[in-house]
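Here's a walk through a three-chain model, one chain at a time. Have the structure open beside you as you read.

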Amino acid sequence: MNPTRRTVLRASTAAGAAAALSGCVTAGGSDPAEQATGAVTDENPLGVPADTDLEVVMFDGGYGDEYTRHAVTLYEERHPGAAVTHEGLQKVGEVLQPRFVAGEPPDVVDNTGAGRLDIAALADAGQLTDLAELLDAPSLDDPSVPVRDTLLPGVVEDGTLDGTAYFLNYSYVVWGVWYSRSLFDEHGWTYPATWDDMIALCGEIKAAGIAPWTWQGKYPEYMMDPLQSLAAKAGGLELVRAVDNLEPDAWRQDGVLAAADAIHRLVTGGHLLEGSEGLSHTEAQNAWSGGQAAFIPCGSWLEGEQQGVTPEGFDMTLAALPALTAADALPDGAVQGASSESFLVPAQALNPRGGLEYLRCLFSGEVARGFAESARAMPVVKGATEGLDLAPGLASVAAALDTAGEHVFGYKYRTWYPELAKAVDDATGELLTGRADPEQWADRIQQAADQTAADDTIAKHER
Amino acid sequence: MTRLSNGALHLVLAAWAALVTLPLAWAVLSSLKTDAEIFDSPWTLPSTPHWENWARAWNEASIGRYLLNTVIVVGGALALVMLLGALCAYCLARYEFPGNRLVYYALVAGMLFPVFLALVPLFFVVDQLGMLGTYHGLILVYAAYALPFTVFFLHAFFRSLPSATAEAAFLDGCSHTGVFFRVMLPMARPGMVSVGIFNFLGLWNQYLLPLVLNPDPDRYVLAQGLAALAVSQGYRSDFSGLFAGLIIAILPVLLAYLLFQRQIRAGLTAGAVR
Amino acid sequence: MRHGKYRFLIGALAPPLLLYGVFVVSPYAQAFHLALTDWNGLSAEAGFVGLANFAELWGDPLFLAALRNNGLLLLAVPLATIALALFFAACLTGGGARRKGVRGSGLYRVVYFFPQLLSVAILGVLFQFVYTPGDGLLNGLLGAVGLDALQRSWLADPATALPAVAAVMVWSAVGFYVVLFTAAMDSIPADVVEAATLDGAGRFTLFRRITLPLVRDSVQVAYVYLGILALDGFALVQIMTVGPGGPDNATEVMGLTLYRAAFTYGEFGYAAAMGVTLFFITLTLTALALRATRSERVELA
C-alpha cells in the first residue's frame, strides 16, 4: 500500500483498532521460547540454524506479494533444509496481535496497511529484534558491502526508534510534480527550472487552451506536498526541523511564506483547472490523464494508480519541484521522499536468525529488481532499477532520485501530530481556493502549531 | 381551472419522480461505459454496453463476496432479532409483571440514541468477547441494535390482537410458549412481515457498525466494500466497475421492495403511526 | 395466575435483554465513564479528569463548528422533508381517503421510495458524482436548461457544501415519509372528507383543516426520526465532502468529530465526552419535540 496520507485518514478505524490492541501488547508477553541458532560462517554470516523452519507473514496490498515470495525462493535455495511458510494478508495486525501477546509471533512480518500494529508500541514492549546485526552483515550481492550501505539514504533512519533500528522499509516514495512528456514535446515546452519560469510556462500552457495545473482538491494535503517541498528547498533542512519541532514562528519563516506565496500565485494567476478544489484524487488524476491539465502534484505511486486510464504514449514524468529562489538552501533536484512497507523481526520469534536472513534475501538486488518490475515502485535498494526497462513514470522517479543524491528530505509533523496536519490541510484548502492569502494561511497554521506545542496531553517528538 | 391545476400537479409529481430516478439511471448507464467514456462524455449513451464491468465488479472488486457476507450477516441478524424481538414485545405487551414499563422504556430509548455514541466502547466490548471481525459478532451486534425498533413496532401490534383466541388456547391446556408460537405469532404475521422488511432495509444498509467492528476486508459487507471502492482503496481507478458494483448492491434490495411493497405500506399503517 | 408464567417470561425476556445489555447498554454506560477520563485507547489505565473533557469541548472550534452544522441540519432537513412529503402525499391521495388521487399515483408511490433503498454509503458515492464540478450531473443539468450561471463546485464552496449535504438527506428521506403520510391519509374516513367537500372546502382548505390535523401523529413520529437523522449525517459527510468535513469545517458534523478524535487522534476520553454531550442533546430535543406536538389531539369520534 502506498503511504498516501489519505490512506491514513481512510483507514483510521483500523489504525485505531491497532492502537487499542497494542495496549494489550505492551501489557502482555510471556517467557521467550527457545530460539535456534547455527554456526556463523562466511556462507552463513547470520548464523542461521540449518533445518529450522521459517514463517513469514506478509502484507498483500497494492504492491502484491510477488516480491516477498521471490525472497522465499532465494531463502530456500540457500537453506534447503528449511521449510518456509509464506502467508499474504490484508489485515496484518488483526491476525498477529494475539500471537504477539501469546509470545508466538512469526519470524518475519511485513507490518503494513490499514490494520498494521503500532511499531512504537511493539518496540516499547520489547517485541522487536534489533536489526543492527543484519545491517552490518555482508549483502547478498557483494560480501564486501554491508546491507546498511546498499540502502538509499534515510531508510535506516526511517526505521530507527530511539537509536535502535527496529524495522526496514521496502518501498521508496518520492513526491513531485507530474506531467506528460509527449504533451510537452508536442508543444515545445520544457519543465521549468525556477518557480518564476513555472508561472511563465503556465501562461503559455493556458494560451494553448489547457489548464496549467489541477490538484486533488478534496484532499488538500496533495498540494501541501509541493508547497512544503518548495519551502524545504528554500530554507533547507533547518526549516524542516523547525517545523517538525514546533518551534515558535516556524510556519512564518521566510521560506515557508515564500512557498505559500508561490503556490498562491497559481490561484491568483488563474492557473488551476476550474473546479479542481472539488475533485477527489481519482477525478483530478483522470482529468490530468485525459489532457485537461498539464501538471498535477502527486507521489510516485501515481503511475500504478493510473494504469487503467493512461492513454497510449502519454509518457508520464515526475519532476522535482523547481527552485523557489535563486538562493535556495538545497540544490536543484532535491526531492521530498520517504520509505514505506515496514519489515520487522519479532523478538520472540522461534527462528529470529532465519528472519534476519530472510530480510537479507529480500533486500538483495535481485528481489528489488523484481519488485520494481512487478509493483512499478521504487525499492529502497540502491541501483536496483539500473539497466531495467522501466515504465516511463518509474524511470522518471528513478532519475529524480538519482539526481537528488543525498538531498532527499521529508517532514515528520504529519505522523507526529495528526491534529496539526488537519489544521494545515484545512488552511491549504482555503489558500488554494483564494479564500485565504499566504499571510492568513501561515497565521492559521502557526496558531494550530502553537496550540499543539502547548498541549501537554500530546506526546512530543524531536528531530 | 381544475384541469389546469391538475396538469401543474402532474408536472410537479413527475419532476420529483425524475429527480429521484435520474441519478440511479445515470449510475446504471455509467456502469455500462468505459472509464474514458464516463469522463469524456458523462451524458451520452455507452457506445456498446460494457457488461464486462459487471463481471469485473463481481469478481475482482469482490462485490460477490461482499454480497455473500452481507447476506450471511443480515440474514443471521434478521432471524435473531425477529425471534427475540417478537418474544420480548409479546411479553411486554401481553403480560403484567413488575418492571414491565421500565424494561419497555429502556428498550425503546435505545431507538432514540444515535449509534455512534456507543461506538468506542462497543469496539472494546466486541474485542473483549473475541468477536471483532467475525460473522457471529456482527450478527449479535446488528440484532442488538435492531431490537429497540422491533420491540417498539411489535409491541403495538401484539396489544391490538384480540385476547379471545389466546384465552381459548389456555383453556385447552396450551402452555405459555405454545400460545406464543402457535396462536399469537401467526396472528401477528402482517406485523412481523413489515417489521422484518424495515429491519432488512436498515441492516442491509448499515454502515457505521461494520466500519468499526468489521476490519477484515474478507468479511466486508456491501456498504463497506462500496465505500472502500469509492475512495479508491484499489490500486487503480475503476469508475465503471464502481458503478457496476453500486447497481449490483442495489438490485437485491430493489427486488425485495418490489415484491413486498404492499406489505411495507400495510405495515406502515399498522405500526409506525401508532 | 396461570401456571409457569414467570418461567416463560424469564425464558423469553432473558436472551433479548442480555443481548441488549451487553451490546447496547454497557457501551453507553462505559461511554459515560470514559468521558471522565483522559484515556488514549493505548494505555492499560486511564486517569480520572473529572469534567475537564466537557470543559474543553466548549473551546474546541471543531466541535463548535460541528454543533453549529448539526443545528442547521436539524432546522432544515426535517422541515423540508416533511413539507415535501406532505405535499406529495396530499397530491397522491387527493388530500384525503377515497377521493381519487392523481392518475399514476401507484407508480409514483413506488418510484418515490427508491432512494430509501440505497445505503448511505451508496448515496454518498452517487452524489459525489452528482456534485462533481465541471460536467457533473447537477452542473450538467443546470447547463442543459440554460442556468449556466448557477454552476459551481458544490462541495468545495463553503456556502453550498452544507446545503448540498442537506439536500441529499432530504432527497433520500422524502420517499419514505410520502409512503408514511399517504398511508395515514388513506385511513382518514371518507365521510369526513366528503362532508368537508360538500361544505365547499377547496383543495387547500381541505388539506389544512382536515388532512393535516388527522395525520399529526405521523408528522410527530417523522419529526423525531428526521431529527435523529439530521444529528447524524456522519456517513454522508465522511464519504462525500472535501476533507472530509470541509471545506474548512463547513460540513463538519459531530459524528465525524467524534470519530476522528477517537480513531485518528486516539483521544478516546474526549471522544466519549462528545458522545455523552450529544446523547443529552438528542434526549432533550426528543423530549421537547414530543411535548410540543402532543398538545392538541384531534379525536375521531
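## Chain B

In chain B, 78% of the contacts with a separation of 6 or more are between residues 24 or more positions apart; two residues count as in contact if their C-beta atoms, placed from the backbone, lie within 7 Å. Before going on, note that this is a predicted model, where local features need pLDDT of at least 70, side-chain atom pairs count only at pLDDT 80 or more, and totals for chains, interfaces and linings use all residues. Residues are numbered from 1 along each chain as its sequence is written, while chains are lettered from A and ligands numbered from 1 in the order in which they are written.

Chain B has 13 helices and zero strands. Helices (H or I, at least four residues) and strands (E, at least two) are DSSP runs, numbered from the N terminus. Read from the N terminus, the order in chain B is α-α-α-α-α-α-α-α-α-α-α-α-α. Of the 274 residues in chain B, 50% are buried. Buried means that 20 or more other C-beta atoms lie within 10 Å of the residue's own; exposed means 12 or fewer, partly exposed is in between, and C-beta atoms are placed from the backbone.

## Where chain C meets chain B

How many residues of chain C are in contact with chain B? There are 71 of them, and they touch 63 residues of chain B. Helix H1 (residues 5-34) of chain C gives the largest share of chain C's side, 18 residues. That side of chain C is made up of 53 nonpolar, 13 polar and five charged residues. Here Ala, Val, Leu, Ile, Met, Phe, Trp, Tyr, Cys and Pro count as nonpolar, Asp, Glu, Lys and Arg as charged, and the others, Gly among them, as polar.

## Inside chain C

Chain C is assigned domain 1 (27-59 + 264-294) and domain 2 (71-248), with bounds that come from an automatic or database domain assignment. Taken over C-alpha atoms, the centres of domain 1 and domain 2 of chain C are 32 Å apart. Six residues of domain 1 of chain C are in contact with seven of domain 2 of chain C. On the domain 1 side, the residues split into three nonpolar, three polar and no charged.

Now find helix H9 (residues 203-214) of chain C. Its 12 residues should span 16 Å at 1.5 Å a residue, and its end C-alpha atoms are 15 Å apart, which agrees; the expected span is 1.5 Å times one less than the number of residues. Leu206(C), Phe207(C), Ile210(C), Thr211(C) and Leu214(C) are the buried residues of H9(C). They all sit on the same side of H9(C) because they cover an arc of only 125 degrees around the axis, an arc taken from the directions from the helix axis to the C-beta atoms. Their cover includes helices H3 (61-93), H7 (158-186), H8 (190-198) and H10 (216-231) of chain C.

## A covered strand in chain A

Strand S6 (residues 168-180) of chain A is mostly covered, with 13 of its 13 residues buried.
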